[in-house]
Amino acid sequence: MEKLLLRNVEKENSHTIEVYLKGGGYRAFQKALKEMSPEDVVEEVKLSGLRGRGGAGFPTGLKWEFAAADIKEPKFFVCNADEGEPCTFKDRVIIEKDPHALIEGMLIGAYATGCRYGYIYLRGEYPIGRKILERAISEAYQKGFLGENILGSDFSFDLYVHSGAGAYICGEETALIESMEGKRGEPRIKPPFPVNAGYLWKPTVVNNVETLANIPLIIERGGKWYSQIGSPDCPGPKLFPVSGKVKRPGVYELPMGTKLEEIIFEHAGGIVKDRKLKAVFPGGASSSVLTSEEISVPMDFPSLAKAGTMLGSGAIMVLDETDCIVNAALRLIKFFRHESCGKCTPCREGTDWLVRILERIEGGRGVEEDLEVVLSVCETMENSFCGLGMAAHNPVGSTVRKFKEEYLAHIKGGKCPFRSS
Amino acid sequence: MESFKIVIDGKECEAFAGDTVLEVAERNGIVIPVFCYHKELRPEGACRVCLVEVEGAPRLVTACTLKAMPDMVVKTNTERVKRARAGVIELILNNHTLECPICDKSGECELQMTGFRNGPKKSRYREKRREKDIVIKGPLIEIDNDRCILCRRCIRMCGENMGNRVLGILNRGYKAYISPFNGDFLEGGCEHCGSCVDVCPVGSLLDRAFKYKDRPWRMDKTWTTCSLCGSGCTIEVDSYHGKVKRVVGRIGVNRGHNKGYLCVRGKWGWDIIYSEKRLKEPLLRQGDSLVKVDFEKAVEVLKEKLEGREVNLFLESSLTSEELTKIRDVFGGKAVSDSYGYYKLLRGIASITGALNTSLFSSIYSSDVVFVLGDFIEEFTPVIATLLRLAVIQKGKRLIRLGTFPSKLDSVSFSTLLVPQEEIIDTLKHLIVGTFDSSYQSGNKEIDSVAKSLRGKKLSFVVGGNVPFSVESEEIGKTVAFLADRAGAPLVAIPPKANSLKVVELFDLVEPSNLKGEVNVLINCELERDFPGVELPSADFTVIFTPFYTPEVSQADLVIPIELGLEKRGTFKGIEGELSLDSVLETPFSLLEVLKYLPSKGISSKEKQVPLIKEPGKKVLHRKRELLLTVLPNRTGWNSVSYYSENVVKVSGKRELLLNSQELREPKLVSLRVENKELQVQAVPDASVPKGHALLRVERFTRDISSLLRGNFPFLSGIKCEILEA
Ligand SMILES: Cc1cc2nc3c(=O)[nH]c(=O)nc-3n(C[C@H](O)[C@H](O)[C@H](O)COP(=O)(O)O)c2cc1C
Ligand code: SF4
Ligand code: SF4
Ligand code: SF4
Ligand code: SF4
Ligand code: FES
C-alpha cells in the first residue's frame, strides 16, 4: 500500500523545509487558505471520517466545528505531543522525521477554527524532537507560513513548543492545559470541554500529532478519497507501533481495520524464535488483553471496542509463551501507579492496592480470594475521575479473567511458574 | 428563575439551571455521601464517593459535579451505587490510620460517619498499612498526612475562598500529600484564618491549641458573637465544665452573616480568658500601692467617690448594648470612645441620609456592583474582607475598590482605583458626576472607566477599613453618601469595633479635651491602644473597669474586674442588625452586677439630630512635601488578643515602617517625625506603598506610638510626617 503518513520519513533530511516543500509540502495549507473557507475545511475533515489518534477516537471534524462555533477570543490550537505511554512511539516518528507535516496540519486546523496561537506540548523526554520542532518552526516563519498575515491573507498564527516535565497524565488534554498554565498537571472537570474553555479558559483545540499529520492529506486529496481507506466507519491510515516478542518490532503504517494477526505475523515477522503467541495488548498499556484465539480482530476503534478492549494509541504489545502474564500485568499497573496524579480516590488508591496484591501473587504469597478482590477493585476504578484510572486496571482485570489458571498456578504453587528458582 | 423537574429516587424534585444533582438532592432531603464536596467550595469531583446512576448514562456519575438537566432520572440507592460507594470508602480506609481514640476529630469526623453509613462492613485488606509519616507543624496548625484523605477542601478553601494559596499537594499518586508552601505555614503566607482546619473532613488539619484537649461529643457548644472587631462573626464556643476548649466557625453550617468564616483573633484569641494578666479581684489604692479588696468594699468606695461628681468616661466599644445602656444610665451620656472616628464617618453620612446608621451588610447581595472604599479592611475587619471576596467568587458580584494602598481584594476586583490619599475626595467627586453623565470627562481615564462601570448598574457601597481613622473621615462620609444617595444605593459603613454602632447611638462622643470631670472612669479600655495620643486627664479619682492588668492600672485608685466577650450574654448592634452573645462560662464578677449598685442619672434617651446638608464633603488634606502617615495595627494586633493571647502571639506580626521602594532603597533605622515628636523605627522599602505615603505597621500600641500620635486622636491615617536620618 502507498505510504501516506510515512511518505517522507525515508527521505534524507526529511525534517527540513526544503525536502518537505519539494515533496509537495504546504500545498494543502495554501489550498485551504486561498481556495477554501474555514467552514469548507471543517466540512472536508468531517467528510473524511477522521477520528482522533490520541486514544479516544473523537471525530476531528466535529471537534473543530465546536471550536469554530465558540466566539470567545483568542482561541488556541494545541498539538498533543506528550506521547508517554509505554510502548507507544508512533508520534515520535512524525515529530522527528516529518515535523512540517505536523505544522502544516496545525496551520490548517487553526485556520479552520479561527485559532490565533498554537502550542506543541512535547513530551519532556523528547529533547531531539524539541530541537527539530524548533528548527522547523523557525523555517516555517522564514518562509512566511507562520506569523502575522500569513501569505498576504488576514490569517495570523504563532506557534511555540512547550516541553512537559515527564508526567504521563499531562497527555490527558485538560491536565495538559493545566500544565501549560504552569499548574500541577491534573485533569479538570468536564464539561466544560477544552473546545469551549481550555487554555486560560479560552476555546482550545487539542489534537494528537498523528491526527494532525493526516490533515494535509485530507485537504490535498479530499475527504472523500480519505474516507475510502480502511474501515468504512473508521477510515484512514494508522500508525501501529509494535513491540514485544515479535521478530521485527517497529512502527507500521497500515489502513485502519487491518487484522491484528496480519500485523503481528506478516508485517512484524511473527513471534521470536517461532514460539507460541500467548497474549496481546492491542491498544497500549491500558488496553484489555487479547488471547491468541482473539487476534483475527480488525484494528480500528469500533471493532476493538466490540472485542471488549480498545484501540487507544494503537500500540501493540506481544507476549509469547515464555512470558509470565502476572508479571506483565504487574509491570503495567506499576507504571500507572507511578503516573497516577493522585487526584481521585479510585485511581490513587486502586493502583497501589492492585500493585500490592499482584506483587504478592507474583511472589507466591497470594490467596485465592485475592482474585475476587482484584476484580472488585477494577470495578471501583471504573469510576475514576479521568481516563487514566478508568483504563489503568484493564490489563489486570482482563488477565485475571482470561488467564485465571495462570494466576491460580502462582497462588497454589506458591511461586511464579516462570521462574526457575 | 425558571425551574424544571428532575426525578431522584422516584421523587419529583424542582431544579434550577446551574444546580447540581447533589444540591437538588440535598434540598429534597435525599442524602448522598460526600468527601471532597463542600457547600462553600467549588466542586472538585475528586473523591468519587457521591456516585449516582443516571438513566441513559453508561457510567456512574458524581452528583457533586453533575448539572441537573430537565427530565433527568437519577437513582442514588441502587445496588450498583452502593457497591461503588463502599468500594471508594474501602480504598480510603485501607491505609487510614484509624487512630479514632486519640484523634481530635473523632465524633465529628466525616470519614467515621460516611464510613459507618456507606462503607464496607469488613476489611479485605491483607497488605501492610502504608505510612507517609509526614506531619507538618505550624505555630497553630498541624497537618497529619496519614489521616488526610486528599479531598483537597483545604486547598480550595485557602487558595480560592481565602485567596491565600498557602496549601498545595506535593508528590503524586499514592504518595501525594498536603503541605504549606515550602513546608512552612508562616513562610507560605498563612493568615491563620483557620478555614482550612474548619473544612477538613477528618483529623488531618488540626488546631494545635485544641490537640488532645477534649472530645467533640462531650463539650458544650454555645453559639455567640465574637467581640473582637466590627465584623460581628457568629462563632461556636466549645467548652467542658465551664472551661473553653476551642472556638470553631463551622463554615457552611454557621447561620451568621460570616457563614462560619473567622480570623485568627476569633479562632484562636479565646485563650485571653485564661491569661495570667487576668484581673480576678478588685484593687484599691492605699498609699503607693494597690491592695485587694472584696466587691462590697469596691462598690462602697465607688459609690462614695462618684456621689455628686462629674465623670470623664472612657469607653471601649466591644461592650454589650445592655452594658452600654446601663453605663449611660449611671455615668451619663458624654464619653470619649474608640468609636469616635467612626462616629465622624457616620455623621458625614448622616448629613446626607439623616440617620447615624449603616445599611445592613447583606444589602450588597442584592446589588450587581459593590463599590468598596477604604484600605486595610482585611486588617481591621478580616471577615468582612473575606465576605467581599466571596461576593465576587461565589455570587458573581463586581467589586470596584477605591483606596490608596493595594489590597488582597484587588485580585478579585473588577477594577481598583488607587489614588494618593489626598485625592480620595476629589476622585469621589468625579465619580459623582461621571456615574450619571456619560459625556463627563474627569481628565483621568481610569476614573472615567470606573464611572462607566458604575453607570446604570444596581450599586451598593461599602466603606470601612482605615476610613473611620482617616483625618478626612467625616468629609469622606459626606462625599460617598452623596454618591450612594444619588445612585439610590445602600451604604454600608463597617464599624471598626463590635458595638461601635450602639456606642454612637447612645453616647455623645466628645474630644478628650472636653472632659472636665473630677473622676476618670475607664471601661474595658487600654489607654494607648484605644486612645493613642490621649493622656488621662488629671482627676481626683480614677476608676478602671477592666478584665486585665492593663498598663494604666498602676495609675488607678480603684480597679474592678469585668468579663470578656466570651463570658457575656447580651447583644451587639452589628453590621447585620442585632447580634446576640451567649455563654455558659461563669465569672465571680460582672460589670452589670456592679453597676446595679450605682444610682441612675435618669437621662432620657433622645434621638440624635444631624442637620441635613446634602453636600459632598470638602477636601481636608493638602500636602506639600510631607509624607502621609498611616498607623496600622496588624491583623493580630488591634485588640486584647495581641496583648494577652498566647495563641495569637505565636503568629503576631512585627513593627516596621514601610516606605515606597523608590523613596527608601534599603532597610534602615530612621526617625519618624510627626510635628515635634519623633520615633526611631526600622524602615523597610515596600513596592506596595505608594509614593508620598508611609505605613507604620504595629503589633501593639505602646507608649512611644501613643506619644508620636499625641493630639491626633482619633486619627491614625493621613497624618503628616517626615522621615529623618536616625
Ligand atoms: C491518561 C491519558 C493520557 C493521554 N495521553 C495522550 C498522549 O500522550 N497523546 C495524545 O495525543 N493524547 C493523549 N490522551 C488523549 C487526550 O486526552 C486527547 O483525547 C487527545 O489528545 C485528543 O486528540 P485527538 O482528538 O487528535 O485524538 C491521553 C488521555 C489520557 C486519559
Ligand atoms: S484517574 Fe484520578 S488519580 Fe488517576 S490520573 Fe486521573 S484524576 Fe488523577
Ligand atoms: S489558616 Fe487560612 S491562610 Fe492559613 S493555610 Fe489555612 S486557609 Fe490558608
Ligand atoms: S488535609 Fe483535610 S481538607 Fe486537606 S486534603 Fe487532607 S483531608 Fe482534605
Ligand atoms: S473578623 Fe472580627 S468578629 Fe470575626 S472572628 Fe475575626 S475578630 Fe472576630
Ligand atoms: S463529593 Fe463528589 S466526587 Fe467527592
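**Ligand shells, interfaces and a sheet**

Colleague: Which element gives the largest share of the shell around ligand 1?

Modeller: This is a predicted model: local features need pLDDT of at least 70, side-chain atom pairs count only at pLDDT 80 or more, and totals for chains, interfaces and linings use all residues. Residues are numbered from 1 along each chain as its sequence is written, while chains are lettered from A and ligands numbered from 1 in the order in which they are written. β4 (204-208) and α16 (387-392) of chain A each supply at least two residues of this shell (helices, H or I, at least four residues, and strands, E, at least two, are DSSP runs numbered from the N terminus). The largest share, three residues, comes from β4(A).

Colleague: How many residues surround ligand 1?

Modeller: A residue is near a molecule if its C-beta atom, placed from the backbone, lies within 6 Å of it. The closest are A:Gly52, A:Gly54, A:Gly171, A:Asn208 and A:Gly387. The shell has six nonpolar, eleven polar and five charged residues (Ala, Val, Leu, Ile, Met, Phe, Trp, Tyr, Cys and Pro count as nonpolar, Asp, Glu, Lys and Arg as charged, the others, Gly among them, as polar). The number around ligand 1 is 22.

Colleague: From which domains of chain A does this shell draw at least three residues each?

Modeller: Chain A is divided into domain 1 (17-228), domain 2 (234-320) and domain 3 (326-413), with bounds from an automatic or database domain assignment. The C-alpha centres of domain 1 and domain 3 of chain A are separated by 35 Å. The shell around ligand 1 draws at least three residues from each of domain 1 and domain 3.

Colleague: How many nonpolar residues are in the shell around ligand 4?

Modeller: 14 residues lie around ligand 4, and B:Cys148, B:Cys151, B:Cys154, B:Cys200 and B:Ser204 come nearest. One residue of the shell is polar and two are charged. The nonpolar residues number eleven.

Colleague: Which helix gives the most to the side of chain A that touches chain B?

Modeller: 25 residues of chain A are in contact with 23 residues of chain B (contact: C-beta atoms, placed from the backbone, within 7 Å). α13 (325-339), α14 (345-362) and α15 (369-381) of chain A each supply at least two residues of that side. With nine residues, the most comes from α14(A).

Colleague: How far apart are the C-alpha centres of domain 4 and domain 5 of chain B?

Modeller: Domain 4 of chain B covers 340-493 and domain 5 covers 627-725. Their contact takes 18 residues from domain 4 of chain B and 19 residues from domain 5 of chain B. Their C-alpha centres lie apart by 25 Å.

Colleague: Which are the edge strands of the eight-stranded open sheet in chain B?

Modeller: The order is β15-β14-β26-β25-β24-β16-β17-β23 (chain B), with mixed pairing. Two strands pair if DSSP finds at least two bridges between them. Each edge strand pairs on one side only. The edges are β15 (289-292) and β23 (508-509) of chain B.

Colleague: What angle does α7 of chain B make with β26(B)?

Modeller: Helix α7 (residues 295-306) packs on the sheet, touching strands including β14 (283-286), β16 and β24 (519-523) of chain B. Axes are lines fitted to C-alpha atoms, for helices over the stretch in contact, and angles run from 0 to 180 degrees between N-to-C directions. The direction of α7 makes with that of β26(B) an angle of about 130°.

Note on methods
Contact = placed C-beta atoms within 7 Å.
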